[in-house]
Amino acid sequence: MNTNATNSESKKTQLGRPARLSLADWMPKIVLAPTMLIAIVCIYGYMIWTAVLSFTGSRMLPSYKFVGWDQYERLFNNDRWMVALTNLGIFGSLFILICLFLGIMLAIFLDQKIRAEGALRTIYLYPMAISFIVTGTAWKWLLNPTNGIQKLMIDMGFENFKFDWLTDPHRVVYCLVIAAVWQASGFVMALFLAGLRGVDGDLIKAAHLDGASTFTTYRRIILPSLKPVFFSALVILSHIAIKSFDLVQALTNGGPGYSSDLPANFMYTYTFTRSQIGMGSASAMVMLGCILAILVPYLYSELRGGRNEK
Amino acid sequence: MKNNAIARKTSGVEKVLRLALYAVLLIMAFFYLMPLVIMLITSLKDAEEVRNGTLLSLPSYLHFDSWTKAWSGACTGSTCTGISPYFINSFKIVIPAVAISTLLGAINGYVISLWKFRGSDLFFAALLLGCFIPFQVVLLPMAQTLGWLGIASSTTGLVFVHVVYGVAFTTLFFRNFYQSIPGELVKAARLDGAGFFTIFYRIILPVSTPIIVVTVIWQFTQIWNDFLFGVAFSGFDSQPVTVALNNLVNTSFGGKEYNVDMAAAIIAALPTIIVYVFAGKYFVRGLTAGAVKG
């Protein structure tokens with residue numbers, strides 16, 4: 001078995017030094033073993049474990065009495081879950097759209113031979129180095145109606161200025177969008193700026209010689225060539241959106257009531273504080289489904305694209 | 001003449017456009033900087049000024065009381081030790097977790113790109129998925145496992161968790177980096193009788209400095225900023241600083257003290273901000289490396 005698996009280089013070694021072969025041959029596998037174990041147990045094993053739990057009636061402790069799809073049925077009849085899902089829809093789409101818009105705009109603007117580009121880039125990207133908990137704490141202070149931006153504007157003379165989204169159950173989700181965009185849009189900028197710098201300079205020169213304006217060059221030539229960057233950004237942003245948990249905890253704690261819960265917060269609350277392990281697991285599986293729905297087509301097209309290039 | 005006039009006109013338009021461009025860029029810079037500036041201003045005010053002033057009103061003089069309180073006196077939940085013990089906890093978690101996951105990632109990447117065996121590519125693909133699963137699907141089983149291992153609610157447990165779920169990323173980084181090393185190098189070394197570890201130690205590691213820096217910075221930022229694992233798996237005295245900060249901010253003991261909250265938030269963010277300021281280039285490289293092959 002083992003010899004079959006070795007490649008031609010090690011066969012050469014075999015001819016020269018047969019005694020050394022077996023250990024040298026096994027070494028890579030031995031070295032990789034701990035990580036393999038981790039992947040099999042802690043990623044795939046746990047995933048299956050959670051999937052199993054989602055089909056049981058587990059409450060405070062895991063039990064293995066199977067109840068079929070009951071937990072999923074309860075989940076989708078649960079008002080709080082539906083609020084969390086709706087919030088994810090609103091939060092996710094606005095967050096992604098605004099981040100993409102701002103990120104692409106900033107990247108193109110910075111690409112115009114700007115003075116102090118380095119400093120500006122540093123400023124746009126630094127929120128990405130901060131934890132969502134700190135971001136949430138900062139924006140909680142900025143957005144609170146009694147002392148925050150609302151008061152600032154009123155004191156500046158705009159007496160009827162109203163900005164109390166943080167305490168408005170119907171608007172609080174937009175507060176999450178503002179804080180998350182603040183944190184992540186610089187990242188999109190960095191991705192696109194790297195992409196723009198990689199575009200073939202001759203292509204741009206040729207377009208200019210043909211009399212294309214800067215705007216047309218970007219719209220017709222440069223941006224279309226950045227399609228892969230666009231899709232990476234899209235996938236990463238949706239990934240951030242679906243996994244969002246910390247920001248809600250710090251900024252709104254799910255409130256007012258549970259009007260700003262996201263699925264991750266629902267999962268945490270039901271599993272760890274409400275002793276509804278079965279339903280918590282079901283919600284985790286739905287989250288996994290969302291991520292896979294985005295990731296699998298993306299990875300598939302990436303892999304296929306790679307093969308075509310070869 | 002006519003040509004000249006057109007040229008002058010376009011340059012005029014261009015000037016206006018360029019001004020607008022700078023204006024937009026500066027306004028955006030203001031948007032990104034404002035929260036940090038306001039945090040800083042607020043943390044330097046006393047309670048009176050916080051209540052009566054606005055976000056942008058400056059403190060009458062610099063009060064560092066809220067910083068002292070945030071560090072060593074503020075109440076998080078039921079204890080009033082400030083966030084300093086938790087700040088130290090974070091280091092106790094981050095340092096071993098970063099070291100172990102980076103080392104594992106380096107050696108995994110070395111195997112996967114230079115010692116390929118049947119199934120190693122498949123394994124890498126399978127591991128890659130580990131970068132992307134929502135950690136909610138592993139929370140409960142991991143909580144049980146930590147209990148069985150006897151490391152629940154300890155910093156050791158958190159180190160373990162961060163290594164387990166960090167190694168997929170570190171392997172990805174090193175694998176992508178080592179892909180560019182020619183296989184002939186390893187082949188030649190093997191013919192000269194160098195073994196698996198000798199090649200790694202003498203040939204591969206010396207050229208790995210850039211990717212080690214990128215990985216260490218990436219892992220440091222990720223683990224320092226983690227909240228989910230911290231809140232799910234830490235005990236009372238093993239909380240990382242993010243969890244303590246959240247508790248501090250949400251403790252309604254004796255009225256809100258926004259200046260203390262802000263000081264605590266800045267302290268909690270300081271290590272990663274410092275890393276970013278001094279090694280931003282590598283941080284960005286980590287971000288985009290994760291993205292490009294994501």
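## Salt bridges in chain A

A salt bridge is a side-chain nitrogen of Lys or Arg within 4 Å of a carboxyl oxygen of Asp or Glu. In this predicted model, Asp164(A) and Lys162(A) form such a pair, with 3.3 Å between the closest N and O atoms. Lys162(A) has a relative accessible area of 60% and is therefore exposed. Arg171(A) and Asp168(A) form another salt bridge, their closest N and O atoms being 3.7 Å apart. Arg171(A), at 40% relative accessibility, counts as partly exposed, whereas Asp168(A), at 18%, counts as buried.

Asp261(A) and Arg80(A) also form a salt bridge, and here the closest N and O atoms are 2.7 Å apart. A network of salt bridges links Asp111(A), Glu117(A), Arg121(A) and Arg197(A). Over all chains, the structure holds 8 salt bridges.

## Helix 9 of chain A

Helix 9 of chain A covers residues 172–198, which is 27 residues. From its first C-alpha to its last the helix reaches 40 Å, close to the 39 Å expected at 1.5 Å a residue. The helix bends by about 40° at Trp182(A).

Is helix 9 of chain A largely enclosed or largely open, and how many of its residues are buried? Of its 27 residues, 22 are buried, so the rest of the structure largely encloses this helix.

Lys113(A) lies in the loop between helix 5 and helix 6 (117–125) of chain A. With a relative accessible area of 75%, Lys113(A) is exposed.

Ser275(A) belongs to the loop between helix 14 and helix 15 (277–309) of chain A. Its relative accessibility is 25%, so Ser275(A) counts as partly exposed.

## The two domains of chain B

Chain B is divided into domain 1, residues 2–72, and domain 2, residues 84–292. The contact between them takes 15 residues from domain 1 of chain B and 13 residues from domain 2 of chain B. The centres of the two domains, taken over C-alpha atoms, are separated by 34 Å.

Together the two domains bury about 1200 Å² between them, and 81% of that area is on carbon and sulfur atoms. On the domain 1 side, Met39(B), Trp67(B) and Trp71(B) lose the most area to domain 2 of chain B, together 45% of what that side buries. Across this interface the rule finds 1 salt bridge. Elsewhere in this account of chain B, the side chains of Lys69(B) and Glu257(B) are described as meeting in a salt bridge, at 2.7 Å from N to O. Side chains of opposite charge can pair when their charged atoms come close.

## Helix 10 of chain B

Helix 10 of chain B runs over residues 209–225 and has 17 residues. The helix reaches 24 Å from its first C-alpha to its last, close to the 24 Å expected at 1.5 Å a residue. Its buried residues include Ile211(B), Val214(B), Trp218(B), Phe220(B), Trp224(B) and Asn225(B).

## Where chain B meets chain A

The contact between the chains takes 89 residues from chain B and 94 residues from chain A. The area buried between chain B and chain A is about 8400 Å², and carbon and sulfur atoms give 75% of it. How many salt bridges does the rule find across the interface of chain B and chain A? The rule finds 0 there.

Phe196(B) touches residues of both chains. From chain A these are Met27(A), Pro28(A) and Val31(A), and from chain B they are Ile107(B), Tyr110(B), Val111(B) and Trp115(B), not counting residues up to four places away in sequence. Phe196(B) is found in helix 9 (residues 196–204) of chain B. At 4% relative accessibility, Phe196(B) counts as buried. Phe196(B) and Tyr110(B) are 86 residues apart in sequence, with 9.8 Å between their C-alpha atoms.

How values were computed:
Residues numbered from 1 in each chain as written. Chains lettered and ligands numbered in written order. Predicted model: local features only at pLDDT ≥ 70, side-chain atom pairs only at ≥ 80, totals over all residues. Heavy atoms only, no water. Helix = DSSP H or I, 4+ residues; strand = E, 2+ residues; numbered from the N terminus. Expected span 1.5 Å × (residues − 1). Bend = angle between axes of the 7 residues up to and from the residue. Buried < 20%, exposed > 50% of the residue type's maximum accessible area, 1.4 Å probe, protein only. Domains from an automatic or database assignment. Contact = heavy atoms within 4.5 Å. Buried area = accessible area lost by both parts, 1.4 Å probe.
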